[in-house]
Amino acid sequence: MLELLRRLVRRPTAAPPVEPPAAEARSRQQFETLQRLAPLKAAPTPLPASTSAADAASRAASSFVRREPVLDRDERIAGYTFNLQDNLQSRLLGKQDLQLKVYDDLLLRSLTSLGIHSLLGHRLAFVGLSPVSLDNPLLRQLPVRGTVLMLKPGRQPLLPETLTPQLQALRAAGFAIGWVIGPRSLAEHSALIELAAQGDYVQFQTAGLDGLQLTTLRRDLLRRRAPHAARLRLIAHELRVHEEFNLCFQMGFDHFLGDFVTSREDWHPPRSDVNRALTLKLLNLVRGDEDLRSIARQIGTDPVMVFKLLRYLNSPAIGLPNPVSTIDAALQLLGRERCFRWLSLLLFDVQQAGFRERLLTEQALTRAFFLEALAGQGGVPRQPDELFILGLFSMLDLLIGRPLPDLLEETRLPPGVHAALLKQPGALRDALALARASETNAEDLAAVTKACGLDADQVLRHGIEALEKAHTTLSALQP
C-alpha cells in the first residue's frame, strides 16, 4: 500500500511518458482527490526512529483531528474519540479503499507523532478507522493500553474469513476492538452484526435509529455473542437532546456522546459552595489595583474560599517546597495576575456536578489553556494571561446560566477580553473563534486557522496538551 503511494507521488523522471494502466490511473485520480480534501505535507513513508515528536508533527497532514468527549454512566469523561474533521469524513463515505487508507494513515500519523496517550492518562482513546486499514503498520506504534480501534465500514464488503484473523491478532496484541453501526452500514453489510458481536465496543449512530430499532439491534448483538465473552460495551452517538440521552441510559448503554451536553434545554444551575458574588467582587478589586492585604482580609471572611485557596496552593500540582498557611502569604506568592486567574477558576467550582457541569468545566479550562499556549504564535497577541481569561469566561454563561453580557457587567475584565467576548473585531476575537472552531470542527476551521497565522499541527498539538493541563488543574481544585 505505502509503496503504491510512493509511486503515486514520486517526481517523474526524464524517461519517455508511458500511459499508466487503467487501475493505476484510477488510483492516482483518487489520491489527488483526497489531496484536495486533506493535503499531505509529505508522502506517508515510515519516519526514522530518531525523528522527534515535533518533526513528526510537522510532517503530518495539514488536516484537523477532531476529538469528542465520551461520557460513562457515572457521568464522567471516560475518553475521547479521534477522527479527522466531519466534513472530510462525510465526503469520504462510499469512496474507494485507497482514499480510506490514506485518510486513516493521515489520522494515525498525527496521533502517533503527538503521543496522545501520555496526555490522556487513564482515559480511553477511541480511534476511528476503516477495516481496510487493519494492516497499517502505524497501528503498532499506538500504545495498546487504552486504545479502542473503532471500525467504520466503507465500500469494501466485510468478509469475516479475512477480517477475523486480523482482528484476533490485534486483540492478542492488547487492542480493544469496536464497530460503528448505523442505518446505512447495516443495509450495505450483512456481516456487520456478526462481526460487531465479537468486538469489545459497539457504537450506534442513533440519529437514524428509533427506540425499537435500538432495542432489536441490542438484542441481536447479545444473542450472537459468544457465551463466555466479556460484556459488550455499547456507545450511543449523535445524541442531540437530553431525552435521547435518557432513553439510551435507560436501555443500558455504557457510553454517550453528542451535542446534548452543551444544550441549554432543561438547564438548571449547578449548586456551588463558592460565594460567587464575593468572587466577582474580588475579581474587580484585583483588576482595580486594590491592595492585596485588603483583598486577603475579604477572602478571610469566607472559610470555604480560604480552604480552597490554601488547598490549591499546597496541592502537588503546584509543587511548592514548603506549605503556605496564611492568606497574606498565599496572595503574595500568587501575585496579582495569578490571583485573578485563581479567582476566575473558582467560578467553575461546582458541588455535586453532573455530567454536563463536569464536561463544561473541563472544556472551559481546556479552551483557556489552549488559547494561553497560542500566545505570541502567528497573529495571536502575546498576552497569555488575557488569552487564558478569554477562554475561561467564554463558557461561563453556559455553566452559571446567565447571559454573558450580564456577567461582563459585573466583572472588570481587560478591555480586549471584554470586547472579544462581545464578538467585537480584533485579534483576541479571532483567537477565540479558532478555539471554538477546533472544538466543533466547523467547516471554516482551516480558514480561521490561517487567519490567525497558524497551522493544523499547532492546533492539534496545543489542543492535546491543554487537555492534560485542564485535568491537572481540576485535580488541584477539587477533592
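T411 is found in the loop between helices α19 (404-410) and α20 (415-421). Helices here are DSSP runs of H or I with at least four residues, strands are DSSP runs of E with at least two, and both are numbered from the N terminus. The structure is a predicted model: local features need pLDDT of at least 70, side-chain atom pairs count only at pLDDT 80 or more, and totals for chains, interfaces and linings use all residues. Residues are numbered from 1 along each chain as its sequence is written, and side-chain values use heavy atoms, with hydrogens and water left out.

At 4% relative accessibility, T411 counts as buried. Buried means under 20% relative accessible area, exposed means over 50%, and partly exposed lies in between (1.4 Å probe, protein chains only). T411 touches L280, L283, N284 and F393, with residues up to four places away in sequence not counted. A contact requires heavy atoms within 4.5 Å. The C-alpha atom of T411 is separated by 9.1 Å from that of R287, although the two residues are 124 residues apart along the chain.

F393, one of the residues touched by T411, is also among the buried residues of helix α17. This helix spans residues 384-393. Of its 10 residues, 7 are buried, so α17 is largely enclosed by the rest of the structure. The buried set consists of L387, F388, I389, L390, G391, L392 and F393.

E68 is placed in strand β1 (residues 65-72). Its relative accessible area is 10%, and E68 is therefore buried. The residues that E68 touches are G79, Y80, T81, H237, L257 and G258, again leaving out residues up to four places away in sequence.

Charged pairs were then examined. Side chains of opposite charge can pair when their charged atoms come close. A salt bridge is defined as a side-chain nitrogen of Lys or Arg within 4 Å of a carboxyl oxygen of Asp or Glu. A search of the whole structure finds 12 such salt bridges.

One of them joins R233 and D254, with the closest N and O atoms 3.6 Å apart. R233 lies in strand β7 (residues 233-237), and D254 in the loop between α11 (242-250) and β8 (255-256), so the pair ties together parts that are 21 residues apart in sequence. R233 is partly exposed, with a relative accessible area of 35%. D254 is buried at 6%.

The pair belongs to a wider arrangement. R231, R233 and D254 are linked in a network of salt bridges. The side chain of D254 also makes a polar contact with the side chain of R231, at 2.8 Å. A polar contact is a pair of N or O atoms within 3.5 Å; within protein, one must be able to donate a hydrogen and the other to accept it, and residues adjacent in sequence count only if both atoms are side-chain atoms. Beyond four places in sequence, D254 touches L71, D72, R73, R231, L232, R233 and L234.

A second salt bridge forms between E188 and R184, where the closest N and O atoms are 3.3 Å apart. Both residues sit in helix α8 (residues 183-188), and their spacing of 4 residues separates them by about one helical turn. An α-helix has 3.6 residues a turn, so residues three or four places apart point the same way. E188 is partly exposed, with a relative accessible area of 48%. R184 is partly exposed as well, at 46%.

R293 and D291 form a further salt bridge, with closest N and O atoms 3.1 Å apart. R293 counts as exposed at 53% relative accessibility. D291 is partly exposed, with a value of 38%.

The structure holds 0 disulfides, a disulfide being a pair of cysteine sulfur atoms within 2.5 Å. C248 counts as buried at 2% relative accessibility. C452 counts as buried at 4%.

For the protein overall, the secondary structure comes to 23 helices and 8 strands. Buried residues make up 52% of the 479 residues. Among contacts with a separation of 6 or more, residues 24 or more positions apart account for 67%. The protein exposes about 22,100 Å², and carbon and sulfur atoms supply 52% of that area. Accessible areas come from the Shrake-Rupley method with a 1.4 Å probe; for residues, only the protein chains shown count as cover.
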